[in-house]
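Here is a friendly walk through one chain, meant to be read with the viewer open. We will go from the overall layout to a few individual side chains.

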Amino acid sequence: MNFGNKFGIVTACHAGDYFLVKATCASIRQFMPEVPICVIVDGEFGIDELKDCYNVYELRVSDFADKRLPAICKGSSRTKFAAIWETPFDRFLCIDADAIVLGDWQHILKDGQWDFLAMANPNAPCPPGEAIDHYFFNRDKLASCDPDFDWGAGIYFCAG
């Protein structure tokens, strides 16, 4: 299904976080009732409840048009990144299955001025080095490639 030149929201889930994506879809419908939702499903479980309650479009990893993607994405946190190639929308917001939408963001998201949007507190302190190594990147390897990179000056987010 192709929604044409339409904006939509994409989220991905596996059986273990299906209960979370229910809340995500409910919050989207509460604040943006007309915005289409695509749920990327990783695994063999049904989402009929989401389809019936929130009119979501179902996209299964096993049905990706690019047959290389299931091998790369299945069973991993990379499933949500398949939205870049497989989403039925021309423009979309990809949010995690554990995200809750509070308010109508369409005025921010539909104008087309953003390619990437991460909501972060610019005044938050950088995490300690051990957390950077665990969640983001290996500082020692990075230093061997780019010794001038100041990892302590950045704002980072974890995509899963």
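In what order do the elements of the chain run from the N terminus on? They follow the pattern β-α-β-α-β-α-α-β-α-α-α. Please keep in mind that this is a predicted model. In total, the chain has seven helices and four strands.

The chain has 160 residues, and 34% of them count as buried. If we take the contacts with a separation of 6 or more, 61% of them are between residues 24 or more positions apart.

Now for a closer look at strand 1, which spans residues 7-14 and includes Thr11. Is Thr11 buried or exposed? Its relative accessible area is 1%, which is under the 20% cut-off, so Thr11 counts as buried. The side chain of Thr11 has a polar atom 3.0 Å from the backbone oxygen of Ile95, and a polar atom of this side chain also lies 3.4 Å from the backbone nitrogen of Ala97. Setting aside neighbours within four places in sequence, the residues in contact with Thr11 are Val21, Cys38, Val39, Ile40, Ile95, Asp96 and Ala97.

On the surface, Phe31, Ile100 and Leu102 form a nonpolar patch, and together they have about 300 Å² of accessible area. Of these, Ile100 sits in the loop that runs between strand 4 (91-94) and helix 5 (106-109). Ile100 is partly exposed, at 45% relative accessibility.

Aromatic rings come next: the count of aromatic pairs is two. One of them joins Phe137 and Phe149, whose ring centres are 6.1 Å apart; their planes are at 75°, so this pair is edge-to-face. Why does the pair tie together parts that are 12 residues apart in sequence? Because Phe137 is in the loop between helix 6 (129-135) and helix 7 (139-145), while Phe149 is in the segment after helix 7. Phe149 itself is partly exposed, with a relative accessible area of 38%.

| Residue | Relative accessible area | Class |
|---|---|---|
| Thr11 | 1% | buried |
| Ile100 | 45% | partly exposed |
| Phe149 | 38% | partly exposed |

Technical notes: Residues numbered from 1 in each chain as written. Predicted model: local features only at pLDDT ≥ 70, side-chain atom pairs only at ≥ 80, totals over all residues. Heavy atoms only, no water. Helix = DSSP H or I, 4+ residues; strand = E, 2+ residues; numbered from the N terminus. Buried < 20%, exposed > 50% of the residue type's maximum accessible area, 1.4 Å probe, protein only. Polar contact = N/O pair within 3.5 Å; in protein donor to acceptor, adjacent residues only side chain to side chain. Contact = heavy atoms within 4.5 Å. Patch = residues over 30% accessible without salt bridge, like charges linked within 9 Å, V, L, I, M, F, W, Y side chains within 5 Å. Areas by Shrake-Rupley, 256 points an atom, 1.4 Å probe, with all protein chains shown as cover. Salt bridge = Lys/Arg side-chain N within 4 Å of Asp/Glu carboxyl O. Phe/Tyr/Trp six-rings, centres within 6.5 Å; stacked < 30°, edge-to-face > 60°.
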